[in-house]
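Hi everyone, thanks for making time today. Let's bring the structure up on the screen and walk through a few spots together.

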Amino acid sequence: MPIYFRLSFLIVLTLQICTTATTAGKLRSVAQIGQQAPGAPSSTFFSSFNTPVIDNHGRVAFRAFVGGPGVGTTVQGIWLGQSTQDSDLIVLAGEQASGVPDGVTYGPGIRSPTLSGDGEIAFSASLTSNVQGFSGVRGLWRRDGDSNNRLVAGIGLPAQQTNNNEVFRYFDSSVPVAGGRVAFIGTTEGPNVTDENDMGIWREQSQGLSLVIREGAQLAGAPVGVTPGDFRDLSINKAGNVAFHGFLTGSGVDTSSHFGVWLEGNQGIELVARSGEQAPGASLGVSFLGFDSTVLNSAGEVAFQSFVGRFPGNSSATGIWVSDGRRLSLVALEGSQAAGANPGLIYSSVGDPLLNDSRQVAFAGVTQGTGVNPTNDEFLWSGSDGDLVVVAREGGQAPGVDLGVAFAGGFTAISLNALGQTAFTSQLTGPGVDDTNDMGIWAENLAGELKLIAREGDQVDISDDPTTEQLRTIRSLSLASQTDIQTEPSTGLNDRGEIAFLATFIDGTGQGVFISSVVAVPEPSGATLLLIAIAVSSPLLRRGNLASYR
């Protein structure tokens, strides 16, 4: 047996031991309907939850409605913690709001939070007050380790680094947060503000909020008079750099050249791709036509989806590219051979990309070719550009369920962590499957094997007491999608392989927020750490279980 196969076997064996060690603890309750809401007035109980997100310390952030004497029945709040006993109240409607005059309180419109891997939270909320200038204002706050909510910006409040008397008119309610900073796209109103210059990107700095770029501003390296605007899909990384896509206007710009993707690096904000340019990896003459789904990692690399074609001419195809600011690499392109599939099977569409700090991507897509039909044409891929593997395929046997029960497609709520593990939801089909048990959550362990995390129709023990069993049957599941918010992680999967999800039960007993450790990485020894590092970087391990998916 060649040495690399022996090494791979030992690595897999070690990883299996690690994974088995975590399975025993498989599920932990964080919060449930009917429990006292931590930090809220006495006899204030959780009444419903939104989908949770989890950081790299295993702490879960979630928005919930609470009710009880003195607070009413529709009061919202946000909590962060690993269990009800150690959860911290981040914000509660009706409390004094931070960074504003006394008497101004958080209003009813608290939005679901975004969460960084380090546990920083950003959220927006409306304000309620009789204080002039604050009633009806929506604010944006960030909270970090010092337990204080910092007001970052507010609609109707002054817009930093703009002309005198400009105020924010709008900003995104869910914003990326990383490295102690939030960044957001906003618009302003005031003297001399027009539709051509009212949009900008702001970012927190040590001295406060700063304007990164404004619509209509001249960028270094761009032709004179050619300016960006209509910014979309903003991402921020731990270094505080941003990436986004948008439109170009100005001299010489037409419908064949008016889209772009920008990445902030050491030299400032630079254009990394523009419509009208040759698409790398595509046939000669096939150019970028437009862009979508921009994501940024901590290494300063950006992935994006693009529509490509010949202009004018044939209809566009979709593809995914990755750039480090110097070179663009093709990951997948509609019409080309689908990775990990039988020869002749081609991509017929590719979905939104995810990107981790090791330049690994994950995305769902559809294929076409011999033997492909609507019951087996959808795939989920992950890996590096040029080394993609199949994670799951529609029509393939779903792990953890009865033989013959297969994935029915609809790979959604996809997340990718720093170790290259993916998590996702999927529909099911096959013997015994009906609308009470046709959806589940799956995730990969470090060996690339899929494990069932939870399934509709399954029973879970919601008791925090190991000596007492309280079984409930799952009616529905919800897992946060990494593509909803372009930041790390703001997802249901963290870098330790822990998964946070929301379960609703069928018997009227409500909902619960849970953490699964089925594919979590345990605290390893030094030798195990080395093997894990080798395993994560080894393509051999991630090619091991593809036969049933092809």
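Let me start with a question: in which strand is the place of arginine 142? Arginine 142 sits in strand 10, residues 138-143; strands here are DSSP runs (E, at least two residues), numbered from the N terminus.

Before going further, a word on the source: this is a predicted model, where local features need pLDDT of at least 70, side-chain atom pairs count only at pLDDT 80 or more, and totals for chains, interfaces and linings use all residues. Residues are numbered from 1 along each chain as its sequence is written, and side-chain values use heavy atoms, with hydrogens and water left out.

Back to arginine 142. With a relative accessible area of 6%, arginine 142 is buried (buried means under 20% relative accessible area, exposed over 50%, partly exposed in between, with a 1.4 Å probe and protein chains only). Its side chain makes a polar contact of 2.6 Å with the side chain of glutamate 204. By polar contact I mean a pair of N or O atoms within 3.5 Å; within protein, one must be able to donate a hydrogen and the other to accept it, and residues adjacent in sequence count only if both atoms are side-chain atoms. Setting aside neighbours within four places in sequence, the residues in contact with arginine 142 include Ile121, Asn148, Val177 and Glu204, where contact means heavy atoms within 4.5 Å.

Now for the rings. How many aromatic pairs does the structure hold? There are 32 aromatic pairs, and the rule is that rings of Phe, Tyr and Trp (its six-membered ring) pair if their centres lie within 6.5 Å, with planes under 30 degrees apart stacked, over 60 edge-to-face and the rest tilted. Phenylalanine 46 and phenylalanine 49 form a tilted pair, 5.1 Å centre to centre with 50 degrees between the planes, and both residues are buried. Phenylalanine 231 and phenylalanine 244 have ring centres 5.3 Å apart and planes at 80 degrees, so that pair is edge-to-face. This pair links distant parts of the chain, 13 residues apart: phenylalanine 231 is in strand 17 and phenylalanine 244 in strand 18. Phenylalanine 231 is buried at 3% relative accessibility, and phenylalanine 244 is buried at 0%. Ring pairs also join Phe46, Phe49, Phe62 and Trp79 into a cluster.

Last stop, a sheet: 5 strands form an open, antiparallel sheet in the order 1-38-37-36-35, where strands pair if DSSP finds at least two bridges between them. Its edge strands are strand 1 (27-32) and strand 35 (459-461).

Key: Helices (H or I, at least four residues) and strands (E, at least two) are DSSP runs, numbered from the N terminus.
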